[in-house]
Amino acid sequence: MHAAIAGAGIMGRLLAWRLLRAGWRVSLFDRDPPEGGGAAAYTAAGMLAPWAEVESAEEAIHRLGLRALALWPELLAELGTDGDFHQRGSLVVAHAGDRADYRRFASLLAARLPGAEHCRALDGAALAALEPALAERFGEALHLPGEAWLDPLVVMSALARALRASGAVWRRAEVSRVGVGFVEAGGIRYGCDWAFDCRGLGARGEVPGLRGVRGEVIRLHAPEVELCHMVRLMHPRYRLYVVPRRGRDFVIGATQIESDDPGPITVRSALELLSALYSLHPGFAEARVTATAANCRPAFADNLPRLLAVPGLLRINGLFRHGFLLAPALAEAALARIAGAASRCEALFFEEVPA
Amino acid sequence: MWQLADHELDSRLLIGSSLYPSPRIMQEAIRASGAGVVTVALRRQQRGGEDFWAALRELDVRLLPNTAGCHSAREAITTAQMARELFGTHWIKLEVIGDDYNLQPDPFGLVEAARELIAQGFEVFPYCTEDLVVGEKLVAAGCRILMPWGAPIGTARGLLNPYGLRTLRERLPGITLIVDAGLGVPSHAAQALELGYDAVLLNTAIAQAADPVAMAAAFRHAVQAGRLGFEAGRMPERDLAQPSTPVVGTPFWQQT
């Protein structure tokens, strides 16, 4: 069987990998080279936070996120990378002015996910024992011990390497159309048994109802700060995370703006992100800003992903803020569907975008 | 039906479009609220916001662009001019922020911007405090509508100064008054309408509720109840209890 995959972001690459492992021949089409480009994956912070997402997302995101979290370690092992993956849990903290948001977060989580084991309230002493760097400024926290993170840049390049080593054909061309049994790219029509459309916002011409949601992140090197957990800081407008990377590097993000402008980060967003970061720990004052990035995430009106399937064509889109959180579970569901089996997310499958 | 500027409206609820879990939930909540006017922020989305605005236009409501995030009269005036072009409306909710921590309006910049925008043909909806003198200056600048806060934006504390709001209502009888910001629960909205306010404008109380669509419906009913209560004419408050059944015939051993 031959698969043609349009779009080599995280969804396209993971799907390609799973199809190769299942014995398919795979061709990937993307306007960008394997090393980098405009994919939303490159600006993702790589949080795998299915519990914290319960506050703002639908139950399906939580369920698929749990499944993906279970799949990631095995996937990374197959790819021959550690992916800078860590399942060390996250801590949720709030400044005095955002106490109301913190209480709201805690009560929504408790109402939607009954049971104590996935969310523990820590007092100052418990927080100091678990994450001393935060105890200087925060007297309490919520601990979500199952949450994890990875480094999207490491994972994206490991996928590119593994795909090429396994014989995937990588065609660097602008995709103009994807239909049943074909991908049209660079003016040439390529036939296949199944076409997969994983273009994100690039599919807007053929997938109605997609919109872009702008997100901005900042990367830093902060030798004075040691964090063992992913940290979520309550903010009135954004879901702000600080994700530790190897070698005292950190990522903070992301803003969430209803706009499909992919231009560079704005002064206001940089101020908001950096003041939030500095407010976590004074050691961030002398951190070096190593990069800023902005991108637009593809989303449908309900912020849920969709799998649009007819025989010979499957479009997967609308992963929004949840690319790394969902992609392994959606790839699994896609493979189940083309093999004629039921998937774990039948409710997200449609023949066309529902009105 | 009531008249807002020169526009006939059914609902006395105006609603914001920020902070909902998704555009779909926003649309459902706005429909459930019955609101005929929806505010929309421009400052951060002047580039690339078309898809989001399209979701609002589908609702068949009147859009009220705002100048949220502006800190000077000049900035607010420029944003208002862009809003007029983008949305094809001369309505503008004028916000000039004087303090970043509680998003308190700057009354001086507000009056200056209102005067200029009215001269340019805008219908100005100024977000102000309940201060009577500021209200009078805005009216002197040409405003027909005032939008005093109930409490600072997003605090959900309700009407912090009912006395000040009542004074404004009594002293500016011909002006359309809308409580904007600070409401948390439906009873806050009812209270504003009971005071004789023409309408309320709110966002966070609905968008950040555990179930925004249900909360939107609750506010819809509260606004109707508050207005009916005002129109019905309340009985005055008294210092002593006045039983509705005379106590004259009560046996003496039951009178303590």
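This is a predicted model: local features need pLDDT of at least 70, side-chain atom pairs count only at pLDDT 80 or more; totals for chains, interfaces and linings use all residues.
Good morning. Helices, of at least four residues, and strands, of at least two, are DSSP runs numbered from the N terminus.

Most residues other than glycine have a negative phi, and most peptide bonds are trans. Is A:Phe320 buried or exposed? Its relative accessible area is 7%, and buried means under 20%, so A:Phe320 is buried.

B:Ala156 is not a glycine, yet its phi is about 60°. This residue belongs to the loop between strand 10 (145-148) and helix 6 (162-171) of chain B. B:Ala156 has 41% relative accessibility and therefore counts as partly exposed.

Chain A also contains a cis peptide bond, running from A:Gly253 to A:Ala254, with omega near -10°. A:Ala254 is located in the loop between strand 16 (249-253) and helix 7 (267-280) of chain A.

I turn now to the domains. The assignment for chain A gives domain 1 (2-77 + 152-209 + 301-352) and domain 2 (90-145 + 211-299). Their C-alpha centres lie 27 Å apart. To the contact between them, domain 1 of chain A gives 31 residues and domain 2 of chain A gives 30 residues.

In soluble globular proteins, nonpolar side chains tend to be buried together. The largest nonpolar core here has 84 residues, and the members that touch the most others are A:Ile10, A:Leu15, A:Leu19, A:Trp72 and A:Phe196. Which element gives the largest share of this core? It is helix 8 (residues 323-338) of chain A, with eleven residues. Because domain 1 and domain 2 of chain A both give residues to this core, it lies between them.

A:Leu15 shows what such a member touches. Leaving aside residues up to four places away in sequence, A:Leu15 touches A:Ile5, A:Phe196, A:Cys198, A:Ile316, A:Ala331, A:Ala334 and A:Leu335. There is also a second, separate core of 62 residues, and B:Tyr20, B:Phe52, B:Val179 and B:Leu202 are among them.

B:Asn66 has 7% relative accessibility and so counts as buried. Its side chain reaches the backbone nitrogen of B:Ala68 at 3.0 Å. Beyond four places in sequence, B:Asn66 touches several residues, including B:Thr39, B:Val40, B:Thr79, B:Ile92 and B:Glu95.

B:Leu63 also lies in strand 5 of chain B. With a relative accessible area of 10%, B:Leu63 is buried. Outside its sequence neighbours up to four places away, B:Leu63 touches B:Val38, B:Val40, B:Leu56, B:Arg57, B:Phe87 and B:Thr89. From B:Leu63 to B:Ala205 there are 142 residues in sequence and 20 Å in space, C-alpha to C-alpha.

My last topic is the aromatic rings. A pair of aromatic rings is described by the distance of the centres and the angle of the planes. How many aromatic pairs does the structure hold over all chains? There are seven. In one of them, the ring centres of A:Phe29 and A:Tyr190 are 4.8 Å apart and the planes stand at 50°, so the pair is tilted. A:Phe29 is in strand 2 (residues 25-30) of chain A and A:Tyr190 is in strand 11 (residues 188-191) of chain A, so the pair ties together parts 161 residues apart in sequence. A:Phe29 counts as buried at 1% relative accessibility.

Chain B has a tilted pair too, B:Trp91 and B:Phe125, with 5.1 Å from centre to centre and 45° between the planes. B:Trp91 comes from strand 6 (residues 91-94) of chain B and B:Phe125 from strand 9 (residues 123-128) of chain B, so this pair ties together parts 34 residues apart in sequence. B:Trp91 counts as buried at 2% relative accessibility, and B:Phe125 counts as buried at 0%. In chain A, one aromatic cluster is formed by A:Trp24, A:Trp194 and A:Phe196.

Finally, charges over rings. A:Arg189 lies over the face of A:Phe182, 3.7 Å from the ring centre. In chain B, the charged end of B:Lys93 sits over the ring of B:Tyr127, at 5.6 Å from its centre. Thank you for your attention.

Conventions: Residues are numbered from 1 along each chain as its sequence is written. Chains are lettered from A and ligands numbered from 1 in the order in which they are written. Side-chain values use heavy atoms; hydrogens and water are left out. A nonpolar core is a set of buried Ala, Val, Leu, Ile, Met, Phe, Trp, Tyr and Cys residues joined through side-chain atoms within 4.5 Å. Buried means under 20% relative accessible area, exposed over 50%, partly exposed in between (1.4 Å probe, protein chains only). Domain bounds come from an automatic or database domain assignment. Contact means heavy atoms within 4.5 Å. A polar contact is a pair of N or O atoms within 3.5 Å; within protein, one must be able to donate a hydrogen and the other to accept it, and residues adjacent in sequence count only if both atoms are side-chain atoms. Rings of Phe, Tyr and Trp (its six-membered ring) pair if their centres lie within 6.5 Å; planes under 30 degrees apart count as stacked, over 60 as edge-to-face and the rest as tilted. A charge sits over a ring if NZ of Lys or CZ of Arg is within 6 Å of the ring centre and within 35 degrees of the ring normal.
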